[in-house]
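Trainee: I've got a model open and I'd like to talk it through with you. Can we go from the overall picture down to single residues?

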Amino acid sequence: MESLEGKRGNPRIKPPFPAVVGLYGCPTIINNVETLSAVPAIILEGGETYANRGNPEKWAAHDCSVFSGHVNKPGIYEIPLGHEHEEVH
């Protein structure tokens with residue numbers, strides 16, 4: 001919200017929560033990109049199938065991780081939560 005208002009993009013101290021005092025002082029509902037990125041898979045596959053993704057012994061579902069800097073393929077990657085560290089190709 002700070003960035004949208006032309007300020008430095010720092011998190012806001014809560015309370016007040018954005019649903020009460022958000023963007024430009026108005027009530028604002030905020031969802032993060034990671035949450036929104038799960039919606040298509042949940043709709044297409046169903047909630048039960050989505051919940052069974054990942055490593056069920058540690059945590060079901062996926063997480064978005066960003067790789068940047070001196071890496072072969074920078075970008076945002078969706079990986080199963082609880083997944084052992086492996087080389088990303």
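This is a predicted model: local features need pLDDT of at least 70, side-chain atom pairs count only at pLDDT 80 or more; totals for chains, interfaces and linings use all residues.

Trainee: In what order do the elements run?
Mentor: The protein chain has two helices and four strands. Reading from the N terminus on, the order is α-α-β-β-β-β.

Trainee: What share of the residues is buried?
Mentor: Buried here takes a relative accessible area under 20%. The protein chain has 89 residues, and the buried share is 11%.

Trainee: What about the accessible surface, how much of it belongs to carbon and sulfur atoms?
Mentor: The total for the protein chain is about 7400 Å². Of that, the carbon and sulfur part is 60%.

Trainee: Among contacts with a separation of 6 or more, what share comes from residues 24 or more positions apart?
Mentor: A contact means heavy atoms within 4.5 Å. Counting those with a separation of 6 or more in the protein chain, the share from residues 24 or more positions apart is 15%.

Trainee: On to H1: how far apart are its end C-alpha atoms?
Mentor: H1 covers residues 33–45. Its 13 residues, at 1.5 Å a residue, should span 18 Å. The model agrees with that, since the end C-alpha atoms are apart by 19 Å.

Trainee: Which residue follows H1?
Mentor: The residue there has a positive phi, near 95 degrees. It's a glycine, Gly46.

Trainee: Which residue has a positive phi although it is not a glycine?
Mentor: Most residues other than glycine have a negative phi. The one to look at sits in the segment before H1 and is exposed, because its relative accessible area is 57%. Its phi is about 55 degrees, and the residue is Tyr24.

Trainee: Which residues does a cis peptide bond join, with omega about -5 degrees?
Mentor: Most peptide bonds are trans. Pro15, in the segment before H1, takes part in a cis bond to Pro16 with omega about 5 degrees, and Pro16 is in that segment before H1 too. The cis bond with omega about -5 degrees joins Lys14 and Pro15.

Trainee: Is Val20 buried or exposed?
Mentor: Val20 lies in the segment before H1, where it touches Cys26 and Pro27, leaving out residues up to four places away in sequence. Its relative accessibility is 55%. The cut-off for exposed is over 50%, so Val20 counts as exposed.

Trainee: Last one: is Ser65 buried or exposed?
Mentor: Ser65 is in strand E3, residues 62–67. Beyond residues up to four places away in sequence, Ser65 touches Gly75, Ile76, Tyr77 and Ile79. Its relative accessible area is 17%, and buried means under 20%, so Ser65 is buried.

Technical notes
Residues are numbered from 1 along each chain as its sequence is written. Side-chain values use heavy atoms; hydrogens and water are left out. Buried means under 20% relative accessible area, exposed over 50%, partly exposed in between (1.4 Å probe, protein chains only). Accessible areas come from the Shrake-Rupley method with a 1.4 Å probe; for residues, only the protein chains shown count as cover. The expected span of a helix is 1.5 Å times one less than its number of residues.
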